[in-house]
Amino acid sequence: MENERKSPEERQKMTDLERIRHSCAHVLATAVAKLWPDAQFAAGPPVENGFYYDVELSHRVTPEDFPQIEQEMKRVVKANQVFEKVVVSRDQALADAQKGRLAALGERSAPSKFKLDIVQNIPEGEPISYYKNGDFIDLCAGPHVMRTGNIGAFKLTHLASAYYKGDERNPQLQRIYGTAFKNKTEMDAYFTMLEEAKRRDHRKIGQEMGLFALDAEYVGPGMPLWLPKGGAILEELEKLAKETEFAAGYVRVKTPHIAREKMYLTSGHLPILYKDSMFPPMEIVEKEPLIKTAEGADGQGSEKPQADRYYLKAMNCPHHHRIFAAEPRSYRDLPLRLAEYGTCYRYEQSGELFGIMRVRSLNMNDAHIYCTEEQFAAEFNAVNEMYLKYFKIFGIEKYVMRFSTHDPSRLTGDNAKFVNEPELWKKTEDLVRRVLIESKIPYVEVPNEAAFYGPKIDVQVWSVIGREFTLATNQVDFAVPARFGLKYRDKDNSEKTPLCIHRAPLGTHERFIGFLIEHYAGNFPLWLAPEQVRVLTVGDDEPLVDYAKSIVKELRAGFVRAEGDYSNNKINGKVQEAEKARVHTMLVVGPRDMQAGAVSVRLHGKGNAGAKPRAEAVAEILAAILERRG
Ligand SMILES: [Zn+2]
Ligand SMILES: [Zn+2]
């Protein structure tokens, strides 16, 4: 829930920037209270990229009010008021709230009604405190920056409306959003980045380039159709993954998109844990008995038709586990690395859907590595190496691994969130931590966010313009293989359960291509460009067109996505059209090029690269594609 109360410990973890932003929310409230003394404030937390404050106000705030509010805020910042913390008794807080003194510059005729409600809901025994800046007093547990002057730069950004505590039975409030930074340079850089991100919006560029279509009416919301040009990118990514995984000893498998309910009851995704993220089941009644066991399909010895439920798969692991189980396994078979570009379906809330970044059908660069405990560190390390190799290919320079661990207090009881295997948690978390430290990969450790079956690593990367994306996860699973009864026969002939590593370095096609569109601003490197080469003729003389066609033919024989423009339009117009379509390499041929057996090379966005013998130009194109040069 959005207004879930944070514990004092959680609050102390606020970063410096969050403190600045939350403090700026108080400054916003100070300014609003000055302009409209009847304002009733609710909550004002820091959020991703800024802060907000919810307020009930007879005046309808519009962006036209921002300059006036910001001017008042500037005065407060300039006055460099101290944020003074005052611990008060519950009675004092209740009395002040009654007098309208909280989130206000002085006493008022009406009580501070939301603050009153908040005080009443603070658990017994938890300290109650105010933060004062100048005459403004707010009920707040902090923490803050020392002085209003520590807010280096700020800006109000937008407005929204929200129900008090997110509950529509409560009053509707005006939510004023803003952001704040340590200094103006950082704030300017942020807004420049936002502008650039808007220019690089994957939905806009995706449409311009004809990469994908979203057809909510016929196909359904959040289920992208990959058009031929997007399909080309997708094929290249799969080719990269297949080559890389083959070299790393993976084997490829293929599994259906649906499975019986039993699959997910066994994995533990059903009945509860993952239910809301899955599409509702399909009821199916078989005409013939499904499974002929001694007891019969219904467990009663009869084999009458039975209704069953099938689910669209939301993850590929259970299917892969059944592939592991399909044959007897020995220690000699391990590590077994099963890879598949698997299609999954997740029932994201329609409000959460966003272009191809947040979708309901996704193609995942999935694989599951089954290994022994002794093999684990080497396997895990190899997975990390694969990430680094990919980062290099895509020019991803900034990345961090978020290592999510379990919370030992949540293994049992009503609050249980993790499989109750304290020894295994400790062992695997230690192993993962050691690999991360030894491989010198930047990482941060986040307690209490592991998957229910083991520690997890989320890989966060920054696009070239500095925007952060969570691309892929990497998980250790020591619980689900056991639930599926997966076994291998060890050297000493005993039966053991393998560990399983889930990994998807290229994430899903949807999210990864969405990221790449922004990262490259649609100007894909040659190997990924949907149209890699276009041969343009100067005029449409038949011998010239034949020459151009023979170049296209030669390139296509080398699997280059090459097209020709042989029309008699002016060459400048033809070049412009190719530039607009973001064709990576243009080969312009005129009569003189033809006579010399040459081509004039032009690169998208970079202009003329000079004339070259045809054979040399073709060889260079083939080599650049083969080496996946950025
Ligand atoms: Zn505060
Ligand atoms: Zn998995």
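Modeller: Let's start at P271, in the loop between α9 (261-267) and β13 (282-285). Those labels are DSSP runs numbered from the N terminus: helices are H or I with at least four residues, strands E with at least two. This is a predicted model, where local features need pLDDT of at least 70 and side-chain atom pairs pLDDT 80 or more, while totals for chains, interfaces and linings use all residues. Residues count from 1 along each chain as its sequence is written, with chains lettered from A and ligands numbered from 1 in the order written.

Biologist: And what sort of peptide bond runs from L270 to P271?

Modeller: A cis one, with omega near 5°. The bond from L334 to P335 is cis too, with omega near -5°. P335 is in the loop between α10 (317-325) and β15 (336-345).

Biologist: Let me zoom out. How many helices and strands does the chain have?

Modeller: There are 18 helices and 28 strands. Along the principal axes, the C-alpha atoms fill a box of roughly 90 × 75 × 50 Å. Of the 630 residues, 36% are buried. Buried means 20 or more other C-beta atoms within 10 Å of the residue's own, exposed means 12 or fewer, and partly exposed is in between, with C-beta atoms placed from the backbone.

Biologist: Which domains does the assignment give?

Modeller: It gives domain 1 (8-190), domain 2 (225-284 + 308-394 + 465-520) and domain 3 (533-626); such bounds come from an automatic or database assignment. The C-alpha centres of domain 2 and domain 3 lie 41 Å apart.

Biologist: How do I read helix packing?

Modeller: Two packed helices are described by the angle between their axes and the distance between the axes. Here α4 (residues 90-98) and α5 (residues 113-120) pack at about 160°, axes 8 Å apart. The axes are lines fitted to C-alpha atoms over the stretch in contact, and angles run from 0 to 180 degrees between N-to-C directions. So α4 and α5 are roughly antiparallel (over 145 degrees; under 35 is roughly parallel, 65 to 115 roughly perpendicular, the rest oblique).

Biologist: Which residues make the contact?

Modeller: On α4, R90, A93, L94, A97 and Q98; on α5, K115, L116 and V119. Contact means C-beta atoms, placed from the backbone, within 7 Å.

Biologist: Which non-glycine residues have a positive phi?

Modeller: N80 is one, with phi of about 50°, and R582 is another, at about 55°. N80 is found in the loop between α3 (66-78) and β4 (84-88). R582 lies between α16 (571-580) and β26 (585-589), also in a loop.

Biologist: Why does N80 count as partly exposed, and why does R582 count as buried?

Modeller: Count the C-beta neighbours inside 10 Å: N80 is partly exposed because there are 13 of them, whereas R582 is buried because there are 20.

Biologist: What about P530, then: buried or exposed?

Modeller: Buried, because P530 has 22 C-beta neighbours inside 10 Å. P530 is in the loop between α14 (509-520) and β24 (533-537). Leaving aside neighbours within four places in sequence, P530 touches M209, K229, A232, I233 and R561 by the contact rule. P530 and E238 are 292 residues apart in sequence and 14 Å apart in space, C-alpha to C-alpha.

Biologist: How much of the chain's contact list joins residues at least 24 apart?

Modeller: Among contacts between residues at least 6 apart in sequence, 69% do.

How values were computed
Two residues are in contact if their C-beta atoms, placed from the backbone, lie within 7 Å.
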